[in-house]
Amino acid sequence: MTHKEFMAFIWPSLLAMALFIAVPIVSVAYQSMFVEHEQIMIETETCGPFGCTPEVAVDQDAMRKVREDSPAGRFNGLDTYTNSSHLATDEITEIVATSENFGEIRDRIMNLPFYKALIFTLSYTFIVTPLVIVFGFIIAVVVNSIPSFLKGPVIFFSLLPMIVTPLVGSLVLFWMIDSRGVVGAFLQYLFADPSLSLKASPTLTWVTLFVYGVWHSAPFAFVVFYAGLQTVPSDTLESSMVDGANRWEQIRFVVMPYLLPLATFVALMQLMDNFRIFEPIIGFSASASATSLSYLIYTDLREAETPLFGSAAATSMLTIIGVIILLLPVLFRNAREFNRKA
Amino acid sequence: MALFQTSSDNPAAQKSTALAVLSVAFVLVWLFIAAFPFLWTAWGSFKAEGDFFSRADWMNAITGPATTAQTGGAFTLDGYRGAWIEKEFWRAAMNTGIVTLCVTMISLTLGTLGGYALARSGFRYTFWILIAALVFRAMPHVTLVSGYLLPFFQLNIWGYLPTTIIVLVAINQPFTLWMLHSFFLSIPKDLDEAAMVDGCTRFQAFRLAIIPVMWPGVVTTGLFSFLLAYNDFTTTSMLLTETNATMIPKINSFLGSTQEEGKVMYAVAAVVSAIIPLFVLIMFFQRQIVSGLTAGAVKG
Amino acid sequence: MKFKLTTALVACGLAMSTTAALADCGIEGGSVRILSNDFEALHVIADAAKTCANDSVEVTSNATTEHKNIQVPALTTNPASYTVPIVATNSIVPLLNEDLIRPLDAYVEKWGQQLLPQQLIKVDGKVMAIAFMANAQHLFYRKDILEEHGIAVPGTYAELIEASKMLKDKGVMEYPLAANFKPGWNLAAEFVNTYLGTGGDFFKAGSAELDIDNANGMKTLETLKAMTNYMSPDYVTYDTNGVKPIWEANELAFATSWGSRASAYIGDDSPAPEIAKATALAAMPALMDGGVPSAALWWDGFTIAKNISDEDAEASFRAMMKGISPQVIAENQELAVWLVDGYAPTPAADGVVANLQGKARPYPMVPYMGLLHTALGDNVIEYLQGSESAEQALDDITAAYNTAAKEAGFLN
């Protein structure tokens, strides 16, 4: 294929991605280095239905000139990245200097908003991803062996958790795990603890979110592995049986290596998606116990009355950097393979 | 290719009965966990709020005393009537239909062309384009869409369905390209090379030799595109107006806000209504999803 | 006779033509584009404004829960995409900060005869918004339970906690109290309410410097914590939607919630009619004897965008005058606590009216209040859950607020 032919085929796709993703990423990176202008304020009085109170307001005439001069704002360099709502470099230096032991350092760092979110995000990513792969594989292997007239409905129901939008799925489960809901009541019965409440305890909320994550993503892994199982080369399998391998050894030495590329694909997608976890935190009203990087962006942009664009931009860039770091091992492996093929 | 053969001349056949029982039990437990929440919600959508969200006894959702007290019958269509007729959920359903169909078609067109190019190019920079696509996918959608608001208002394209369609196509291109590129890798090069030897241009080779055999993978990727567009909340909630809204933002609006009352049963009925088309979809296309993924994701 | 008949006919004809003119507001031309939140009271107003549409005037409205996120970009363009943003005490602030709305004094003088002085929202002497409804959080209580156990309606938080303790100790209810303590916007609103009850101010006079790291802040946090002792441990997920089913399940004796929800609590169509009949409303408790109700007062109103033609602006103002006219309000008394002429408070408005009479304080309309609101929402919950001290919580709030305020340019 010539360069010209390549471009002719791919230009619409590249254009769409460039316009709607690449350019905004550059713009977000640029914006993360700016903060708002210093607001010039005047003391005024605000009168409303409940009386007059002395307030402070922004002096529009003075601000107009300032905004015209530099519309992007004040250049802040990388300070937004290091301020206390993000990497908090100054605060960490102070914590390490004044703390007595490692436990105190750890507690105080986890109190910082970015690190609190990061801990949950990383825990979620590294607990849910392997569980999804393992469960998906087990379900695929088992479904592959049931009689074929049952396969249709089973696959059909197995896909349900994946195809429902996270906002709605987590809401449905939130209604159910309430201590008076069907799942909540069942758990209270199971553990013989009438005061058990999944929502009240931070640890249990984390567990609920992890379980939700696995429940929601396992069907994706299941479908991928199930498809792969259909194409396991039968001669290798048969020769292993002739050699006296039992079920477990067949799976371990023939099936698993064959499915490894698929597992890599699932791991890639899962690492990326789990690192950006956000909707379940809203759906489960879990923000008391768990926040994530994407949730921090959400609060900066949508919960605040005046959106903090610079802060949200910095957290977004940190999210992208985080994803890249997570993907590096997988990418290096793929790069070697790719270059071998090419 | 069944993994657990039960032929009697297989020496390990005796163990397979216990294994078969275990695997059936496992499947049943998994099915229960997977399907129960939705069956419960579907059942509850025909009850009154006092029953489905009963704090007195969760069994009320099954027996339905409040429903009988309020409406005279054990089941009620109040939730559906309220959502579909009073709140005009049918408009949202129509909007979702338009958006997902257009997004899927456009996404696949761009994706097949791009994926084919990436699969056949053999250039070094192809790898970097794919990596870039992955990095693009990593960007949180909240930030992206918040950034779109001002330019869209300035260009006066905010609030229209076509704008949202293009945005959804673009945001989902990375995933589409990855899936289709790995699928095309598995179609033998000889097919289109033979066509080109016979005098076709690259595009003609694509059209005559590749398109007839690419359907399984395209259907699979199309389904994932469909799901991504159908289930999207962030983009559609911020880029559409009240009358233009698709189903998921509309359901969100039924839930009410801090200061204002919501109609929770309308949301429950709407949620069930939103899932039904997906059921139908999966029923029809499960074979294609599976076979498409076989060829598509193996090289992933 | 003939004379009188003719006069009568002419008079009739004149009257009918005037009515016809009133029916379509008599606006000559322009485009009215309303952006608002999505609830019933605002739908009613927008529909009334839409009756002003005719061949030369178009009136459209977009009622969406996303209005706060899209109002700033939408109004920044020229011409603005919407002419009438309907706002509340907190959502007007970004519009003021970015200079996106215009003063209304000229329009009020020409077309605003129906407005009461209390409806004019003035900033720096200029009318920037017209308010039409008020809202606040207040106390809901079960009068049957209070009567049964001889408890007086609590007037202070101390009395509220004592009453809850008595009900809990007697075994009447395990968790008799509920409030919207979900972290984020809700919890911050509760902190703001309680802090206002101390009489203190949030910021040092004339500056954006935070002033809550003191006895007032400590008292606020301690009051909130004391309340959690009588609330179910699930309180971390309680928002307005979460509390209502619990109230209706007869598990609460006291709750604090929004006045705009009151009609759903006491209405005939409540899912629990016996509870609805036994529900009564009172002002938010004060923090000390003789203090003001600890609730922030909110208003909702409309503004007119700046980046639009004067014709559109005038048409929009006149259409909104129709929308919030006393006739429209008179037909929809129960939808909100209106500030409009001729409004007679319905029983559902008792709580808000009690707050007003008790001289509760308004929600501060300063440009950086939103930043404090977010900082509070994120940093109070750990103290309530017992994982940090009150001083640490106040430090965290201050740190988060200072970082945000520096980024927004309000602090150096």
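Reply: Rings of Phe, Tyr and Trp pair if their centres lie within 6.5 Å, and planes over 60 degrees apart count as edge-to-face. This is a predicted model. Over all chains, the structure holds 57 aromatic pairs.

Me: Why is the pair of Tyr116(B) and Phe184(B) edge-to-face?

Reply: The planes of these two rings stand at 80°, with the centres 5.8 Å apart, so the pair is edge-to-face. Tyr116(B) belongs to helix α6 (residues 89-121) of chain B and Phe184(B) to helix α9 (residues 161-185) of chain B, so the pair ties together parts 68 residues apart in sequence.

Me: Now the domains. Into which domains is chain C divided?

Reply: Domain bounds come from an automatic or database assignment. In chain C, domain 1 covers 30-135 + 297-357 and domain 2 covers 137-294 + 368-407. Their C-alpha centres lie 29 Å apart. Domain 1 of chain C gives 12 residues to the contact and domain 2 of chain C gives 14 residues.

Me: How much area do domain 1 and domain 2 of chain C bury between them?

Reply: About 1000 Å², with 60% of it on carbon and sulfur atoms. Asn135(C), Ala348(C) and Asn355(C) supply 46% of the area that domain 1 buries against domain 2, more than any other three residues.

Me: How many salt bridges and polar contacts are counted between these domains?

Reply: The count is zero salt bridges and four residue pairs in polar contact. On the side of domain 1 that touches domain 2, helix α15 (residues 350-357) of chain C has the largest share, five residues. The residues of that side divide into five nonpolar, four polar and three charged.

Conventions:
Residues numbered from 1 in each chain as written. Chains lettered and ligands numbered in written order. Predicted model: local features only at pLDDT ≥ 70, side-chain atom pairs only at ≥ 80, totals over all residues. Heavy atoms only, no water. Contact = heavy atoms within 4.5 Å. Buried area = accessible area lost by both parts, 1.4 Å probe. Salt bridge = Lys/Arg side-chain N within 4 Å of Asp/Glu carboxyl O. Polar contact = N/O pair within 3.5 Å; in protein donor to acceptor, adjacent residues only side chain to side chain. Helix = DSSP H or I, 4+ residues; strand = E, 2+ residues; numbered from the N terminus. Nonpolar A, V, L, I, M, F, W, Y, C, P; charged D, E, K, R; others polar. Phe/Tyr/Trp six-rings, centres within 6.5 Å; stacked < 30°, edge-to-face > 60°.
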